[in-house]
Amino acid sequence: MSAYLGELEQLVLLAVIQLDDDAYGVTIRTLLRERSGRDVALATVYTTLERLEAKGCLLTRLGASTPERGGRRKRFFRPSARGQQALRASLAALRGLTAGLGREFQP
Amino acid sequence: MSTPPEPVGPPRLAAWLLDRLAPRGWSEHFRGDLDEEYHTLRASVGSRANRWYWRQTARALIARLGRYRREPGGSATLTTDMRHAARSVARQRGYSTLVVLALGLSLGAAAAALAVVRMYVWTPLPYPHADRLVTVAFNAPGESAPRGIFGIDWQGVDAVADLVVAWDIDGFTLIDDQPPASANGRWIRPDVFPMFGITPLLGRVLTQDDIDQQAPVAMIGRDLWRSRFNGAPDVLGRAMTVRSTDRPDEVEVFTIVGVLPDRFWHLEHRTQVLLPLRGPRSPSLLRLREGVSAEDAATRLTRYAASQLPDVDPQWRVVVTPAQQQHIEPIRAVLATIAGAVMLLVLVTCGNLAFLQATRGQIREREFAVRSALGASRSRLTRQLLFEQALMGAAAAGVALVSAWLLLEGLLPAIERYFGRMAPGVSGGGGALLTGGVALATLLAAVAACLLSGVPPMVRVLFGHATTGVTGYLGATESRGRMRARQAIVFAQIAGTFALLAGAALMVRSAQHLADVPLGLDPDHVISANLTLHERTYPMVAERQQLIRRVTERIAALPGVEAAGLIGAWPFAAYAGEPVEADVAAPGAGDRPVVAASYAVNPAYFPALRLRILEGRALVDADATSAQVSAVVSAALAARLWPGQSAIGRTFRFASRADEMPMHEGARGPLTVVGVSADVRRSMVEPTAPEVYVSLDRSPGTFLFLQVRAVGDPAGLVPAIERAVLAEDPNLPLAAVQPMTEVVSAEGVRPRFLASVLTAFAALTAAVALVGVYAVSAWIARQRRREAAVRMALGSTSSGVVTLFVSRGAWLIWMGVVAGWGLSYLVGGLLESELHGVAAGDLTTRAALAAALGTVGVAAVWWPTWRVSCQDAATVLREP
């Protein structure tokens with residue numbers, strides 16, 4: 001059975017997928033701001049990532065460090081199979097429920 | 001050449017906080033991400049990036065808190081712990097209420113007492129440079145000032161003081177179109193206004209110009225302004241026609257230039273008239289120059305006075321006392337007594353709280369042991385326990401603050417009346433005394449009391465083996481160690497409570513003694529009033545005698561009047577008297593001079609106040625004209641002058657120097673004792689002072705006190721008495737009309753207030769102690785239910801079990817009483833200096849207390865045991 005995803009979890013998981021190999025805190029936050037118009041605090045992003053990780057939707061690996069990061073390493077995220085399945089299920093639910101909605105709800 | 005830009009990093013404090021407080025496991029990547037984005041932002045928006053960084057930090061810290069709530073596994077969380085604690089407190093409702101109420105009420109009393117002590121003792125007087133204010137006296141207590149000291153030129157005082165206040169106390173009779181009224185007042189130097197920082201309610205204060213020009217101007221008190229001028233705003237500039245006691249044959253007119261502020265207490269709270277001082281007076285209050293100590297000032301003033309008065313005794317010294325000390329000295333003993341009683345109350349409460357918590361700890365061992373066995377961590381259990389105790393402490397502090405506020409609001413007027421001084425710097429209700437500091441101290445004390453008493457009993461459970469608690473309860477009887485611990489708790493509780501309660505009981509008995517010592521006169525059904533005879537209308541003794549006789553006859557003839565007494569001096573004035581000596585010294589009379597106060601009274605004074613004559617007779621009309629000067633002496637004086645002998649027919653005289661007037665003209669020459677009267681108590685602590693009564697009619701003064709005894713309610717007689725006085729002289733004001741009972745209580749002669757405060761404290765202390773004893777004893781009996789059930793299952797009868805348990809419990813309790821009896825001598829020793837009329841080692845008090853405490857303790861053991869014995873043994877045994 002796939003995990004249920006909250007709205008922010010969906011958005012963060014989508015961002016991780018879009019960013020492909022470059023998904024870590026800063027890029028996820030930036031993408032969320034640019035594509036969804038939501039300026040989410042980094043702590044919120046981290047909390048959500050942590051929750052997704054706890055649900056088994058994400059895999060992580062440690063990356064390289066850079067000077068502007070004070071020598072601290074990045075933590076990269078990519079979706080797990082369970083995460084992809086959970087996202088598919090939520091999107092299917094969304095599609096099922098949005099089908100046939102009037103013009104006023106079209107983007 | 002440009003210098004390379006300094007490397008700019010994120011705000012250091014925020015980074016530091018993040019490193020320490022960001023959720024565990026985040027720190028490296030999270031800070032890395034933040035710093036990376038910070039550098040990007042910094043390049044585009046400059047220092048605004050710092051604000052952004054702080055916002056992000058705050059969010060991270062909040063996330064840490066939230067994470068605490070949602071820790072993986074859903075166990076340890078802050079809010080859950082708090083909720084748990086609150087639920088646990090609510091579940092033990094009876095116990096929590098007991099702790100909160102007992103601690104809250106005692107700390108409330110303590111907070112109120114602390115607020116009062118703080119106000120009178122620790123708060124500097126609310127004056128500019130209050131630490132430099134001193135009072136000046138020219139005689140040590142009990143001695144007399146050197147002759148002529150008041151007449152010297154006191155210019156020299158300016159060398160030590162920058163403000164010098166001198167005054168001349170005077171009484172004033174207001175005469176205008178209204179009935180005459182009298183008021184207390186002072187002729188005073190204007191330095192008093194800057195010294196006390198007085199701003200008038202209306203108009204202006206007196207100035208040096210007023211003095212220099214001898215301006216006929218006056219400031220009046222708010223009460224006088226209200227009563228005499230109906231509080232009219234246009235009172236300024238109005239004329240006030242008065243006759244003063246100092247210049248009784250002049251009618252003077254003063255222009256009112258100002259109204260004194262409300263609660264004008266600085267000189268004496270009945271002061272209603274201030275006028276510019278006429279002529280030089282010796283200084284009474286000084287504000288010392290900076291760097292001059294009181295000791296310094298005393299030395300320099302003494303030297304100065306000696307230079308002006310060459311024949312002064314070289315031993316004599318000016319007495320300089322800091323104003324603060326002067327202000328509180330008379331009430332220090334009472335404050336100490338109240339503080340002591342409150343300390344006892346708090347000690348008893350905290351002691352009993354500790355015992356209650358110890359028993360509670362044992363009761364809850366099982367709960368904690370089970371939870372610990374189920375996997376709750378030690379830190380978790382500790383945290384919950386701390387929250388529980390802090391919660392109860394906070395609730396107790398709430399109860400304490402509310403009760404303290406109510407106490408202070410309700411009692412401040414009584415406190416001020418009792419102390420005879422207003423609360424400096426308080427303008428609204430007494431609740432204002434509950435300052436932030438007092439409130440904080442109360443809160444801290446309450447929480448500390450709960451934590452200190454509640455946590456230690458659990459330490460063994462928290463840090464011992466978890467299983468001990470679970471299995472420890474399965475046995476029918478308890479382990480020897482637990483039983484010993486329990487017995488020690490009860491023993492110590494009873495002993496400690498007994499000792500402290502004994503202290504409280506001694507103090508109550510002392511206060512009651514002070515309140516109950518016979519006054520020597522009976523103030524019930526007596527109306528007191530002042531009469532001030534106008535000296536010009538009655539310049540000669542004969543005219544005064546006539547007026548007095550006519551007025552008293554008229555009043556005595558009124559229906560409902562039993563006797564119309566007159567006395568020539570305020571009976572409760574702090575008037576030490578003059579030395580007297582017997583014409584023929586009696587053996588054993590001692591060498592110390594006897595100082596006696598003399599009062600001129602009319603014959604009706606004795607029946608009017610029911611002043612008992614123990615031997616001989618009271619004064620009669622004939623004594624006013626007899627060749628020998630008759631006197632009635634008090635029993636105390638008779639015992640000092642003629643110990644072990646009858647005083648009747650003996651002669652004595654006032655030993656004042658020939659050039660010094662005795663208090664009454666009629667008391668000159670040898671006096672012959674015709675009667676011995678009961679002692680009259682003139683002050684709170686000092687029971688009796690030697691006194692002499694002589695006939696008022698011999699040389700009546702102009703200042704008299706009327707004391708009329710009524711058959712029934714004296715208040716109804718007042719209009720008739722006023723009419724009787726005015727019928728003789730329409731200009732004769734009848735002032736300060738009040739029941740004698742009020743006079744007596746206002747003079748603090750009977751410390752009823754102190755007695756009732758102490759009784760209330762002691763009752764509260766006893767209630768707390770008895771509830772504590774009961775709770776602990778009942779808990780013990782409950783603990784042994786299983787044992788009782790086993791015994792009954794094995795064939796013991798229920799009465800047999802009750803007898804066995806009660807006899808063991810009683811033995812323990814009585815051992816505690818005996819130990820407490822011993823300890824109580826320590827407490828008594830500490831209180832000894834505050835006790836009057838009851839010995840610190842008083843046996844009756846202790847015996848009564850032992851009976852009460854022993855009985856309650858035994859009953860507390862008997863009741864639950866009896867209830868257990870009524871239960872079915874099998875049911876009890878099946879209980880977990």
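Predicted model: local features only at pLDDT ≥ 70, side-chain atom pairs only at ≥ 80, totals over all residues.
The interface draws 19 residues from chain A and 19 residues from chain B. Put together, chain A and chain B bury about 1,900 Å², with carbon and sulfur atoms accounting for 49% of that area. Between chain A and chain B, 14 residue pairs are in polar contact, counting pairs with both residues at pLDDT 80 or more. The interface of the two chains also holds 6 salt bridges. In a salt bridge between A:Arg72 and B:Asp35, the closest N and O atoms lie 3.3 Å apart.

On the chain A side, at least two residues each come from helix 2 (25-36), helix 3 (42-54) and strand 2 (73-79). Helix 3 of chain A gives the largest share of the side that touches chain B, with 6 residues. By residue class, the side of chain A that touches chain B consists of 9 charged, 7 nonpolar and 3 polar residues.

Strand 15 of chain B spans residues 594-601 and is mostly covered, with 7 of its 8 residues buried. Strand 14 of chain B (residues 578-582) runs antiparallel to strand 15 of chain B, and 3 bridges join the two. In this pairing, B:Val594 of strand 15 stands opposite B:Val580. Strand 15 of chain B is also joined to strand 20 of chain B (residues 691-695), here in parallel and through 5 bridges. B:Ala600 has B:Val694 in strand 20 of chain B as its bridge partner.

How values were computed: Residues numbered from 1 in each chain as written. Chains lettered and ligands numbered in written order. Heavy atoms only, no water. Buried < 20%, exposed > 50% of the residue type's maximum accessible area, 1.4 Å probe, protein only. Helix = DSSP H or I, 4+ residues; strand = E, 2+ residues; numbered from the N terminus. Pairing = 2+ DSSP bridges. Contact = heavy atoms within 4.5 Å. Buried area = accessible area lost by both parts, 1.4 Å probe. Salt bridge = Lys/Arg side-chain N within 4 Å of Asp/Glu carboxyl O. Polar contact = N/O pair within 3.5 Å; in protein donor to acceptor, adjacent residues only side chain to side chain. Nonpolar A, V, L, I, M, F, W, Y, C, P; charged D, E, K, R; others polar.
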